[in-house]
Amino acid sequence: MTLFSGQQLIRDIAKRNVTSCTLTLSIKDAAKFMHSRRCSSIVIVDDGFPVGIWTETEALKLNYSKNKEINRPINSVMNDQICTVDAGLEVSQAALKFKIFNTSHLIVLNPDRTMFGIISQSDMVVNQDANNFLTIAELGAVKSANTPFMDSETSISGIVDNMRRFQCDALIISCKGLPQGIVTTRDIVRAISLSQTQNAVSSIMSRSLITAPASMNLLAARSLMVEKHIRHIVVENEQGLAYKLISFSDILANIDHSYSARLHASLEHKELKLQVAERHLHLANAVINASSDGIMMTDEKGIIVAINPAYTSLTGYSYEEAIGQPSTLTSSGKHNAQFYQDMWREMAEKGVWQGEIWNRKKNGEIYPEWLTINKVLEPYTGEIMYSGVFSDVSEAKKSKETIENLAYYDPLTELPNRQLLHDRLDVAINLSHEEEYKLAVLLVDLDNFKQINDSLGHIIGDRVLKEVALRLNNSITPGRTLARIGGDEFMVFFNYQNVNQVSDKAQRLLDSLKIPVQVNDSKFLLTLSIGCALYPSDGENQTDLIKNAETAMYRAKAQGRNRFCMYSPDMNAQYKERLLMEYQLRQALKNQEFHLLYQPKVCLKRDKIVGVEALIRWNSPVLGHILPDQFIYLAENLGLIPDIGHWVIREAIEQAALWQTLAEEPIVISVNVSAKQFIKCQLVDQVKQALRYFNLDPKLLDIEVTESCLIDNLSLACENLQTLRALGVQVSLDDFGTGYSSLSKLNQLPLDTLKIDRSFINEVPGKQGSQAVVSTIIFLAHQLNLKVVAEGVENSEQKQFLKKLNCEQMQGYYFSKPVQTECISAMLEAQKNTS
């Protein structure tokens with residue numbers, strides 16, 4: 001559809017009678033001039049040449065709050081960036097300039113650059129030969145800025161502010177919500193000419209509101225606007241309500257097809273096409289040279305004719321070394337003739353080939369690259385060429401291998417992980433089923449490893465695990481899978497012919513840790529607990545086999561660790577009992593199921609109670625009375641010991657404070673502390689808070705720690721013990737001689753008391769070796785200024801033996817077993833009355 005007449009020239013539609021003025025004319029007088037001439041602009045001239053223009057739109061930029069503003073000379077507000085057009089050009093060229101420069105007026109010039117006339121957007125709409133387009137387009141479809149409704153009492157300066165705000169040249173004026181008229185930039189100019197800028201807008205608005213339905217076509221609307229000599233028309237919706245303004249410029253903006261056509265014609269100009277082609281070529285070269293992929297071009301015979309910088313950096317061959325050489329310059333020799341035959345056959349069929357190929361750099365290094373070859377037809381000569389684009393994928397392949405390792409191998413020990421174990425175990429089960437093999441699955445757990453992690457940190461723990469994994473791997477037959485499936489858990493499976501073979505292999509695993517593991521200056525004597533399940537008797541799938549091997553492993557731990565245990569069906573019942581105990585134990589503290597018993601500590605010289613040891617007991621409403629040996633280990637594994645230990649400290653200190661009023665002299669209360677509390681460094685704060693809350697003298701509290709609390713971390717042990725002693729709290733070393741005894745470190749520990757384990761007291765007097773051990777411990781303690789408490793005293797002979805050795809205190813059934821609070825209270829009361 002042709003929108004503009006190809007023969008109509010700008011001189012045919014331009015207005016010759018141009019409203020103009022000098023540079024010094026005032027704004028007010030210029031506005032009067034425009035109002036009297038009913039024009040939308042005034043051209044400012046100097047010596048006959050146009051130097052600026054001032055339009056109705058520019059009138060919106062004035063500050064009407066200043067009365068003297070309109071008396072300023074017009075050159076102070078004019079737009080000196082005037083847009084000009086030659087009178088001899090076609091009208092479509094003017095339309096293109098309106099669109100490109102976003103202007104409302106064009107000054108038309110003669111060949112000598114003097115002023116011929118002026119055209120506005122309104123002139124363009126009136127003179128366009130676009131009847132077909134204007135007939136089919138409707139007013140409602142014309143896009144225009146949202147036209148706000150303004151109250152008729154709004155000041156003219158307020159109207160100007162809103163025209164600026166909404167970037168429009170006309171507003172609808174309403175009274176009580178009903179449209180009464182419109183105000184345009186021409187009305188603003190009239191107000192300036194009459195010095196009415198401070199009045200209400202009702203004084204200058206056009207009250208003849210010209211409306212048209214949204215369905216009216218643009219041709220009829222244009223005719224109506226020309227007939228009424230208006231530049232704006234109000235559009236009504238289907239309900240007859242005004243909702244927007246349409247101007248000549250809005251209609252012009254919708255006739256944009258011609259602009260595209262004319263612009264396309266301009267772009268086809270030969271010179272412009274050449275500029276675009278050169279620009280594209282420059283951009284293409286820039287992209288090729290900046291590419292990190294190597295690029296080379298060859299002729300039809302495979303001779304290199306061009307390369308980019310990345311080719312040199314990837315292969316090592318410079319431009320001079322590569323140009324003129326065959327494309328086989330970088331061939332690695334790793335591919336046979338068939339590989340290249342298949343490549344070129346695919347090129348011939350599809351015009352493209354891509355894939356991974358091994359090539360050789362100038363330095364001889366062979367590397368993998370991803371190569372894409374395209375067949376290219378040179379457009380001017382018709383010559384066939386080939387482009388090769390390639391990238392070094394060495395790092396990508398390494399990354400892929402790394403990802404696969406992370407997915408299937410444990411990064412610490414480099415053993416297969418749980419995922420790879422499951423995959424291989426499935427294959428082994430299937431093969432065993434098909435070939436009727438027997439399969440053994442062993443679950444291996446490192447005993448007490450968490451204690452090393454908690455006390456010495458994960459760095460030391462990781463080094464211990466790596467050494468353990470190495471020893472376990474060396475103890476099994478090469479080719480068999482040993483996997484790390486958890487923090488300190490491993491699994492191995494293998495085919496066997498008889499059970500003795502399984503036991504032998506398990507024993508080899510146990511023996512692998514007979515020699516202590518050494519990390520830095522520390523040595524660790526470690527043990528394993530191993531559980532075994534057999535296929536198919538103990539399970540026909542890996543889920544059942546692993547579950548039953550785990551059950552057998554827990555049985556090995558329950559029997560004392562450092563042993564191997566075969567699965568048997570009765571273990572499932574015990575396993576369920578253990579799960580039930582775990583559940584009940586998690587509820588016990590919240591349900592107040594724990595209580596404390598107290599066992600007296602007696603002074604051997606005076607036969608008087610000088611202290612008591614607090615001992616925890618659990619009375620479960622579901623399981624009944626549970627001995628500490630049964631639940632303490634479980635609580636440690638479940639991470640419940642810190643909370644339970646805190647409860648014991650508060651309960652014991654509270655009771656000790658109550659007993660001080662009953663005792664003849666203050667008695668010391670002893671509280672056992674788990675290694676978990678000791679390591680977590682919460683113990684000191686808990687003790688401080690409880691002593692302060694119950695107002696107990698710190699010297700009446702004795703914290704008992706076992707040797708396991710001190711394992712291989714003397715600095716941490718000394719720091720915590722020293723802090724407790726600084727508070728005034730006493731510290732005892734419990735079960736001395738039964739754990740990781742280190743006499744060389746004993747004199748470094750801040751202690752008050754040594755407790756001799758009952759296992760030594762049971763054999764005295766009578767057994768010479770035990771007597772020597774007990775007497776040596778007492779002598780050693782006294783040399784270190786430590787008191788001694790003997791545990792497990794059950795008869796008078798033991799009492800007398802200890803008394804002769806100047807042992808300070810005894811504890812055991814000879815005097816009293818652990819009893820309730822009331823019994824201790826009665827003992828203290830009786831002791832007080834008999835003194």
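This is a predicted model: local features need pLDDT of at least 70, side-chain atom pairs count only at pLDDT 80 or more; totals for chains, interfaces and linings use all residues.

Reply: Residues are numbered from 1 along each chain as its sequence is written, and side-chain values use heavy atoms, with hydrogens and water left out.

The strand to look at is E23, residues 528-535. Helices (H or I, at least four residues) and strands (E, at least two) are DSSP runs, numbered from the N terminus. Eight of the eight residues of E23 are buried, so the strand is largely enclosed by the rest of the structure. Buried here means under 20% relative accessible area, exposed means over 50%, and partly exposed lies in between, with a 1.4 Å probe and protein chains only. In a regular strand the side chains alternate between the two faces of the sheet. In E23, Leu528, Ile530, Cys532 and Leu534 point one way, whereas Ser529, Gly531, Ala533 and Tyr535 point the other way, and all of them are buried.

Strand E24 (residues 563-566) pairs with E23 in the parallel sense over four bridges, with Ser529 standing opposite Arg563 in E24. Two strands are taken to pair if DSSP finds at least two bridges between them.

Helix H20 covers residues 542-558. Its 17 residues reach 24 Å from the first C-alpha to the last, close to the 24 Å expected at 1.5 Å a residue, where the expected span is 1.5 Å times one less than the number of residues. At the start of H20, a side-chain oxygen of Asn541 comes to within 3.2 Å of the backbone nitrogen of Thr543. That is a polar contact, meaning a pair of N or O atoms within 3.5 Å, of which, within protein, one must be able to donate a hydrogen and the other to accept it, residues adjacent in sequence counting only if both atoms are side-chain atoms. After the helix comes Gly560, whose phi is positive, near 120°.

Asn548, which lies in H20, counts as buried because its relative accessibility is 5%. The C-alpha atoms of Asn548 and Tyr567 are separated by 6.3 Å, although these residues are 19 apart along the chain.

Strand E32 (residues 787-791) is mostly covered, with four of its five residues buried. It pairs in the parallel sense with strand E31 (residues 753-756) over four bridges, where Leu754 has Val788 of E32 as its bridge partner. E32 also pairs in the parallel sense with strand E33 (residues 809-811), over three bridges, and Ala790 stands opposite Met810 in E33.

Rings of Phe, Tyr and Trp (its six-membered ring) pair if their centres lie within 6.5 Å; planes under 30 degrees apart count as stacked, over 60 as edge-to-face and the rest as tilted. Tyr311 and Phe390 form an edge-to-face pair, 5.8 Å centre to centre with 80° between the planes. Tyr311 lies in helix H12 (residues 309-315) and Phe390 in strand E17 (residues 384-392), so the pair ties together parts that are 79 residues apart in sequence. Both Tyr311 and Phe390 are buried. Elsewhere, ring pairs link Phe594, Trp618, Phe631 and Trp647 into a cluster.

For the chain as a whole, there are 31 helices and 33 strands, and buried residues make up 46% of its 835 residues. Contact means heavy atoms within 4.5 Å, and residues 24 or more positions apart account for 61% of the contacts with a separation of 6 or more.
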